[in-house]
Amino acid sequence: MKLHPQTRKKVLLVEGVTVEGQKVYRFADAADLPETRRMFFSDFYRDMQNGLNPEELANYMDAIVQAASVHDFGKVVQLSQMVKDISLNCRSTDSLYRMASLFYFTLEEDISDYDFTIAEEKIKAFKQVPASDFFLPHLLKHLDMYQSSSLEVIQRSLKVSEAKAMAYRELYLRLTGGREPGTAMRKNSSG
């Protein structure tokens, strides 16, 4: 077993995944994840459960308020129902990949913080690996909401969520005249 050079905690190699030619690791004990990364994990986990990140939710709420201010109650109802269904029934796959970018790292990476540029590179690499080989089995076993489900059920659920989210995004764009509902990335914590 190998030790992380910064934390001196045990790490395990993630087979079959590299980022720009570098091997990818995870902590043997998920509790060894540094505090800054755990804070971001909480945000991404919430986004995944809600189906929307805070910026997207705020944009939906702004669109609802705007529609109400011009007495377009049909649009208010549509947007409200979309937010409700997304928050109850959709899971954000992008948020799952962001969580993976926290859990999985190269040994050259500064593990004490979360670098969004490096995270994007990792996410690109993770998306190249078949989900059933790496992403879902390793990451989702840490998430309570999926522990009792089979891999096939989880994959089917995520595909349905993605399809719904895409349909709602298109409807949102039509209802708001093409204004984007938001983006999933936040500013880097260190600058």
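A residue is called buried when its relative accessible area is under 20%, and exposed when that area is over 50%. The model discussed here is predicted. V129 has a relative accessibility of 12% and therefore counts as buried. V129 lies in the loop that runs between α5 (116-127) and α6 (135-140). Its C-alpha atom is 7.9 Å from that of G16, although the two residues are 113 residues apart along the chain. For the protein as a whole, 41% of its 191 residues count as buried.

**Overall fold**

The protein contains seven helices and three strands. Along the sequence the order of elements is β-β-β-α-α-α-α-α-α-α. Taking the contacts with a separation of 6 or more, 68% are between residues 24 or more positions apart.

**The sheet**

The three strands make up an open sheet, ordered β1-β2-β3, with antiparallel pairing. β1 (2-3) and β3 are the edge strands; each has a single partner strand, so one side of each has no neighbour in the sheet. Strand β2 covers residues 10-19 and strand β3 residues 22-27, and the two pair over five bridges in the antiparallel sense. They form a hairpin with two residues between them, and E20 in the turn has a positive phi of about 50 degrees.

| Residue | Opposite residue in β3 |
|---|---|
| V11 | F27 |
| T18 | K23 |

Helix α5 packs on the sheet and touches β2 and β3. The direction of α5 makes about 65 degrees with that of β2.

**The α2 and α3 pair**

How far apart are the axes of helix α2 and helix α3, and at what angle do the helices pack? The axes of α2 (residues 54-69) and α3 (residues 73-89) are 8 Å apart, and the packing angle is about 160 degrees. Because of this angle, α2 is roughly antiparallel to α3. The crossing of the two helices is left-handed. On the α2 side, the contact is made by L57, Y60, M61, A63, I64, A67 and A68. On the α3 side, F73, K75, V76, L79, S80, M82, V83 and I86 take part. By residue class, the contact of α2 with α3 comprises 13 nonpolar residues, one polar and one charged.

Technical notes:
Residues numbered from 1 in each chain as written. Predicted model: local features only at pLDDT ≥ 70, side-chain atom pairs only at ≥ 80, totals over all residues. Heavy atoms only, no water. Axes fitted to C-alpha atoms, helices over the stretch in contact; angles between N-to-C directions. Helix = DSSP H or I, 4+ residues; strand = E, 2+ residues; numbered from the N terminus. Parallel < 35°, antiparallel > 145°, perpendicular 65-115°, else oblique. Left-handed = near helix turned anticlockwise from the far one by under 90°. Contact = heavy atoms within 4.5 Å. Nonpolar A, V, L, I, M, F, W, Y, C, P; charged D, E, K, R; others polar. Pairing = 2+ DSSP bridges. Buried < 20%, exposed > 50% of the residue type's maximum accessible area, 1.4 Å probe, protein only.
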